[in-house]
Amino acid sequence: MKPDLYLINGPLGAGKTTFLKELLKLPQYKDARIIENEFANTSVDTEQLHDHHAEVQTIAGVCICCSTGDELTNALELLSKNNTPVIIEATGIANSLRLIEKIVNADMLDVYTIRHAIFILDAIETSDNIEATLETYRHELQAADTVFVSKTDLLDAVQVEQLMDALSGLDLRQVSFANEGVFDPSLLAVESHILEYFAQLDEHIDNHEEGASYTVIDTSVVRLEASQLESVWQTIRLEYGIRRMKGNIQSADGKMWHIEATPHQCKVSSYESGALKLVIIGKDATLVTLETMREAMARG
Amino acid sequence: MVEYREQVDSLLAMYAEYKQLLEIEAKLSMKLAKQKINGVADSDLAAKREQVKWELQTLSDSMTFSNLFVWIMYKFEAYKDEAQPIRTMRDFRIHCSKEGDICTKRFTFVNEQLALGGQRTLADADYYDDNSLLDTLLEERSLQELVHDPEFMKFWRVYEYNTVDGRTAKWEGYSVTA
């Protein structure tokens, strides 16, 4: 019997890792192996999965859906030996259908059964421009076995209704909520149709965020207050076209803080340990430095 | 660095060709994957894709840097119009920090040798400012000395042109403790 393969994809900051953490709490996934793909060459998401006792393979610095390397095949081959479910968490710029192409051409369908393809859609970011966002992700939404909409608890009822109405017009397989990663696990029992969807698709498939770059800021050399970072987030986001910031900082009192920022949100939570660095992803991310952040802070 | 211009131009042309081949490979791969799912994989298409993959690998294998200045010049110029440019020392350090990557090994080797000679390493952000342009390294005396050091160049060539059983294996034999 072939092990089950699950795919989790969705835009940057949509809540893929949060969803994965909730999924791993379920008994049937407690031994699942994870392939965590990080666009930047350093991963802060791996640290978030440190409580998971089973193997986590991190592929960092390359998007597995567009890489010509063997990273994904090697990881899949390695993890197939355990006969436990394997879950791939994509980068946030990956295209699920290109990921399918890699899996198929690596002959991994001889090794695994694709059990379920999950797409996490960020309700807040989508609500900014529902029509354009849904068009951008239309094929992936339609290809997904379940679209989980995250962060609807941060919208008002009218906005949620508008979004769900728009989604209902897209002929999606299943749509449900996953606020803070909490979801209905029974939905994952539905057989996957992503291969059939992929095979009949007659359009060119692009990656999302084609022009995205990343940078990694070493925050171990400076003490930063979380409130400063929160206040400066919108400035650097707009100036440099940033889509995502995540990582850890230490404040002057020695406390560590974990930062998760998307265009509309900058979440700060206390943190006990982890590498002191910030990963920043977006159009001109390579231009963001500790100095540019300090300058933005000084400007208020 | 006029003496390296021809080599760098040749590498840039190879990179342009590599990107074109990547596009071809991506299209063939999509088509083949669809055929495989439908159980009608065309062997000609599969062979064509394998051929393009072989060409990509061959091209990649042949892209070697005769010394560290050729490497730096190439990195600076090849990626300048790409989403992830290697414009500054900071960009270069990030590029050279991916665990196990060839450029990380080149970077580490150069730093080891600089440190052995009592020189500041490329990782030293106090000396090589994060925001300084990568091509300013070309004027750096300690690096020029390395390029003219027969012992350094001997090891650079050993790692850069390394093969294992006839297979190109650039920097495979190098580890930080080597």
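Helices (H or I, at least four residues) and strands (E, at least two) are DSSP runs, numbered from the N terminus. A residue is buried if 20 or more other C-beta atoms lie within 10 Å of its own, exposed if 12 or fewer, and partly exposed in between, with C-beta atoms placed from the backbone.

This is a predicted model: local features need pLDDT of at least 70, side-chain atom pairs count only at pLDDT 80 or more, and totals for chains, interfaces and linings use all residues. Residues are numbered from 1 along each chain as its sequence is written, while chains are lettered from A and ligands numbered from 1 in the order in which they are written.

Just after α4(A), A:Asp107 takes a positive phi of about 60°.

## Where the chains meet

21 residues of chain B are in contact with 18 residues of chain A. Contact means that the C-beta atoms of two residues, placed from the backbone, lie within 7 Å. On the chain B side, α1 (2-37) and α4 (89-95) each give two or more residues. The largest share, nine residues, comes from α1(B).

## Nonpolar cores

A nonpolar core is a set of buried Ala, Val, Leu, Ile, Met, Phe, Trp, Tyr and Cys residues joined through C-beta atoms within 7 Å. The largest has 86 residues. A:Ile8 and A:Ile100 are among those that touch the most other members. Leaving aside neighbours within four places in sequence, A:Ile8 is in contact with residues including A:Phe19, A:Leu20 and A:Ile118.

A second, separate core has 29 residues, including B:Leu68 and B:Phe76.

## Two crossing helices

In chain A, helices α10 (residues 226-240) and α11 (residues 290-299) pack at an angle of about 100°, with their axes 9 Å apart. α10(A) and α11(A) are therefore roughly perpendicular (65 to 115 degrees) to each other. Axes are lines fitted to C-alpha atoms, for helices over the stretch in contact, and angles run from 0 to 180 degrees between N-to-C directions. A:Val232 and A:Ile236 of α10(A) are among the contact residues, as are A:Met293 and A:Met297 of α11(A).

Conventions. Parallel < 35°, antiparallel > 145°, perpendicular 65-115°, else oblique.
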